[in-house]
Amino acid sequence: MTDLPLVNTDGDAATSPLLEVRNLVVRYNKKGPAAVDDVSFTIARGETLGLVGESGSGKTTIGRAILGLQPVTSGQILFEGRDITKASAADRRSLQGDLRAVFQDPFSSLNPRRPIGDAISEPMRVAGVARAERDRRVKEVLDAVGLAPGSEARYPRQFSGGQRQRIAIARALVTDPRLVVCDEAVSALDLSTQAQVLNLLADLRSGTDLGYLFIAHDMAVVEFLAQRVVVLNRGRVMEEGPTLEVMRNPRHHYTQVLMAASPVPDPDEQARRREAWQTLKAAAPVA
Ligand SMILES: Nc1ncnc2c1ncn2[C@@H]1O[C@H](COP(=O)(O)OP(=O)(O)OP(=O)(O)O)[C@@H](O)[C@H]1O
Ligand SMILES: [Mg+2]
């Protein structure tokens with residue numbers, strides 16, 4: 001989709017980052033505090049950027065602003081160099097194949113009375129893809145996310161939580177997007193299912209230039225998937241950098257607290273982190 005009727009403010013798509021967020025501010029109430037307060041970051045093509053922060057720090061608000069689901073108070077959002085901050089409904093429709101989302105609870109967005117193949121092919125139907133091609137592509141993405149042949153004819157209640165998250169991923173990938181915003185996409189899953197879905201997300205991007213904005217409150221899952229991380233607190237960027245660097249040498253007390261609170265598979269390590277976390281919390285409350 002290269003012929004978007006959007007203002008191209010930053011040169012051509014080939015040289016711009018995949019996504020650029022500039023000085024983003026979002027206020028839910030005119031007089032209230034900013035839920036997102038002067039946040040800037042970029043995502044390169046093929047890059048996974050982790051966005052972490054405690055509950056209420058503004059992660060979902062940023063994801064929704066990028067997806068056009070939340071009006072922006074000020075600042076800019078550029079997708080492949082095009083300013084999409086105030087994209088019209090028509091512009092958003094033409095973007096929807098390139099910029100997609102996976103949320104925490106796919107069950108709520110799946111119609112219980114429709115086979116899941118319908119939900120997966122919906123974005124292609126909107127884009128005018130012919131029936132036979134849609135059916136072929138649905139089978140292809142179901143296979144790519146590890147669901148059995150014939151799954152397209154089954155109903156949402158016939159799948160486990162982990163399988164439903166795979167369905168949501170299939171629906172995001174069916175249009176061959178450039179960027180997928182994953183908001184707490186594995187947070188509701190138990191640790192072993194979480195690991196499987198994280199591996200799936202990693203497999204799906206390998207050898208492609210698919211980018212992810214990977215939103216999580218859990219530093220451990222971000223560590224697994226993201227090359228770079230942005231740490232938020234109360235709507236502001238606390239620090240950012242290569243994930244391993246930030247984790248090895250967290251500059252902010254707040255980042256240390258986040259890391260200590262992350263669930264890890266090793267119970268001893270978990271106990272150590274919990275203890276560290278309690279000590280830190282007691283030393284200087286973050287919320
Ligand atoms: N629809 C809304 N109306 C008013 N305030 C809102 C709304 N949605 C979120 N907020 C506020 O904006 C701030 C950021 O919320 P947001 O949902 O972006 O946080 P989050 O980092 O995604 O948290 P969590 O980890 O719990 O999902 C919070 O103070 C929240 O109370
Ligand atoms: Mg959230």
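1. In this predicted model, strand β4, which covers residues 74–79, is joined to β5 by 2 bridges, and the two strands run antiparallel. Within that pairing, phenylalanine 79 has arginine 82 of β5 as its bridge partner.

2. The β4 and β5 pair belongs to an open sheet of 4 strands, whose order is β2-β1-β4-β5 and whose pairing is antiparallel. The edges of this sheet are taken by β2 and by β5 (82–83), and because each of these has a single partner strand, one side of each is left without a neighbour in the sheet. As a reminder for reading the backbone, strands of a sheet pair through backbone hydrogen bonds, in either the parallel or the antiparallel sense.

3. At the other end of the strand order, β1 (residues 19–27) and β2 (residues 34–43) pair in the antiparallel sense over 7 bridges.

4. Arginine 228 is found in strand β9, which spans residues 228–233, and its side chain reaches the backbone oxygen of threonine 42 at a distance of 2.5 Å. Leaving aside residues up to four places away in sequence, arginine 228 touches Thr42, Ile43, Glu47, Thr48, Leu49 and Gly50, and also Glu240, Gly241, Pro242 and Thr243.

5. Which residues surround ligand 1? The shell consists of Tyr28, Ala35, Glu54, Ser55, Gly56, Ser57, Gly58, Lys59, Thr60, Thr61 and Glu184. Sorted by class, these are 2 nonpolar, 6 polar and 3 charged residues. Helix α1, made of residues 59–66, gives the most to this shell, with 3 residues.

6. A side-chain N or O atom of lysine 59 is 2.7 Å from an oxygen atom of ligand 1, while a polar backbone atom of serine 57 is 3.2 Å from an oxygen atom of the ligand. Tyrosine 28 has a polar side-chain atom that lies 3.4 Å from a nitrogen atom of ligand 1. On its own, ligand 1 has 640 Å² of accessible area, and the protein covers 55% of that area.

7. Helix α3, which runs over residues 116–126, has a set of buried residues, namely Ile116, Gly117, Ala119, Ile120, Ser121, Pro123 and Met124. Among the elements that cover these buried residues are β6 (99–102), α4 (131–144) and α5 (161–173). After α3 comes glycine 128, which has a positive phi, near 80 degrees.

8. For the protein chain as a whole, there are 10 helices and 10 strands, and buried residues make up 51% of its 287 residues. Among contacts with a separation of 6 or more, 68% are between residues 24 or more positions apart. The accessible surface of the chain comes to about 13700 Å², and carbon and sulfur atoms account for 50% of this surface.

Conventions
Residues are numbered from 1 along each chain as its sequence is written. Chains are lettered from A and ligands numbered from 1 in the order in which they are written. This is a predicted model: local features need pLDDT of at least 70, side-chain atom pairs count only at pLDDT 80 or more; totals for chains, interfaces and linings use all residues. Side-chain values use heavy atoms; hydrogens and water are left out. A residue is near a molecule or strand if one of its heavy atoms lies within 4 Å of it. A polar contact is a pair of N or O atoms within 3.5 Å; within protein, one must be able to donate a hydrogen and the other to accept it, and residues adjacent in sequence count only if both atoms are side-chain atoms. Accessible areas come from the Shrake-Rupley method with a 1.4 Å probe; for residues, only the protein chains shown count as cover. Ala, Val, Leu, Ile, Met, Phe, Trp, Tyr, Cys and Pro count as nonpolar, Asp, Glu, Lys and Arg as charged, and the others, Gly among them, as polar. Buried means under 20% relative accessible area, exposed over 50%, partly exposed in between (1.4 Å probe, protein chains only). Contact means heavy atoms within 4.5 Å. Two strands pair if DSSP finds at least two bridges between them.
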